[in-house]
Amino acid sequence: MRILHLSDTHLDRSAGPDADGADGTAALQRVLAELGHLHDLDAVVVTGDVADDGSREAYVRARDLLSRYAGGRGASIFYATGNHDDRAAFADVLGSGHAQPEAVYEGTAGERAAASTIGGWRLLTLDTLVPGKGHGQLGRGQLHWLGEQLASPAPLGTVLAFHHPPVAMDVDVQRALGLQNSAELAETIRGTDVQLILCGHFHLQILARLEQATVWVTPGVVSRIDLTAPPGTERAVHGPSASLVDLGAPHGPLIHTLHARDPRMGETVYEADEEEMREVIERLGPSPVSSN
């Protein structure tokens with residue numbers, strides 16, 4: 001089982017550079033062109049922020065580019081929603097994110113989760129989107145559905161794919177804008193056959209564990225976060241990236257990052273100082289709980 005893991009493509013309706021010079025369409029095209037030699041794939045998994053502006057045009061373009069790439073390799077393709085995605089437009093173009101799901105969850109807020117089996121492995125995509133916010137959350141209904149799916153083990157095991165990581169480094173913005181109820185997810189997967197969790201959102205690579213599962217956070221396609229920036233600030237740089245996941249390796253999961261050659265590799269996309277980052281956290285993080 002080999003997976004090409006992409007995240008944070010951030011396509012928009014214009015198909016051109018944004019105000020900072022980041023171009024999701026060009027970055028995705030560059031990654032796929034660089035990986036033209038990669039043929040032995042079972043799945044392509046996109047863990048959210050497929051679109052930057054939630055436009056239908058962005059989802060159509062993502063679908064067309066990725067379907068050509070995956071289809072030419074006989075690989076299945078799966079999508080999950082991120083905080084920049086629009087559920088209605090996503091569903092209109094990409095449905096549940098699975099071409100032929102075996103099970104689908106549809107929540108009252110429009111959230112969708114789905115399950116498919118590939119070569120004995122079960123792949124479950126979850127919806128961690130909180131509309132209007134940057135952090136993630138898994139509702140009780142979706143967690144209950146997940147628990148029901150995991151009650152019966154898959155032949156080889158289960159992979160979860162969603163946007164907001166349930167782990168964070170010692171970085172304020174990661175703690176504030178990651179998955180806010182990771183303890184509930186941990187309780188749900190404890191003792192099940194979940195072996196791997198694939199996420200995006202942070203635009204950099206992180207390896208961790210949640211209960212028995214390996215957690216992998218892949219760097220972004222549209223840009224990467226450079227942690228050499230001073231603490232409390234954030235620097236994004238050019239450099240389209242992806243990950244290759246091999247679940248059949250003797251010491252698997254075997255994961256490595258793939259960096260497309262970009263003439264602007266490492267050049268700054270944007271820099272945010274401490275005050276700007278505090279504003280981002282206040283605006284996009286969880287709302288303060290009222291004591292009244």
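Rings of Phe, Tyr and Trp (its six-membered ring) pair if their centres lie within 6.5 Å, with planes under 30 degrees apart counted as stacked, over 60 as edge-to-face and the rest as tilted. The views below show a predicted model, in which local features need pLDDT of at least 70, side-chain atom pairs count only at pLDDT 80 or more, and totals for chains, interfaces and linings use all residues. Residues are numbered from 1 along each chain as its sequence is written, and side-chain values use heavy atoms, with hydrogens and water left out.

**View 1. Aromatic pairing between Y59 and F90.** By the ring criterion, the model contains two aromatic pairs. In the pair of Y59 and F90, the ring centres are 5.8 Å apart and the planes stand at 80 degrees, so the pair is edge-to-face. Y59 belongs to helix α2 and F90 to helix α3 (residues 87–94), so that distant parts of the chain, 31 residues apart, are linked. Helices (H or I, at least four residues) and strands (E, at least two) are DSSP runs, numbered from the N terminus.

**View 2. The open five-stranded sheet.** The strand order is β3-β2-β1-β13-β14, with mixed pairing; two strands pair if DSSP finds at least two bridges between them. The edges are formed by β3 (76–80) and β14 (254–259), each with a single partner strand, so one side of each is left without a neighbour in the sheet. On average, neighbouring strands of this sheet are turned by 20 degrees against each other, direction ignored. Strands β1 (residues 2–6) and β2 (residues 43–47) pair in the parallel sense over four bridges, and L6 has V46 in β2 as its bridge partner. Helix α2 (residues 56–71) packs on the sheet and touches β1, β2 and β3, its direction making about 150 degrees with that of β3. Contact means heavy atoms within 4.5 Å; axes are lines fitted to C-alpha atoms, for helices over the stretch in contact, and angles run from 0 to 180 degrees between N-to-C directions.

**View 3. The open seven-stranded sheet.** Here the order is β4-β5-β6-β7-β8-β10-β9, again with mixed pairing. At the edges stand β4 (103–106) and β9 (206–210), each having a single partner strand, so one side of each is left without a neighbour in the sheet. Strands β6 (residues 121–125) and β7 (residues 157–161) run parallel and are joined by five bridges; R122 has T158 in β7 as its bridge partner. Helix α6 (residues 182–189) packs on the sheet, in contact with β7, β8 (194–199), β9 and β10 (213–217), and its direction makes about 60 degrees with that of β9.

**View 4. The largest cavity and its lining.** On a 1 Å grid over the protein atoms alone, a cavity is a set of points where a 1.4 Å probe fits but cannot get out, a pocket is an open set with protein on both sides within 12 Å along at least five of seven lines, and lining residues have an atom within 4 Å of a point. Grid points are joined across faces, edges and corners, and a volume is the space filled by probe spheres set on the points. There are two cavities of 30 Å³ or more. The largest has a volume of about 50 Å³, and its lining residues include Y79, F90, R112 and D127.

**View 5. The second largest pocket.** This pocket has a volume of about 220 Å³. Of its 15 lining residues, S76, I77, H98, A99 and Q100 lie nearest its centre. β3 gives the most to the lining, with four residues.
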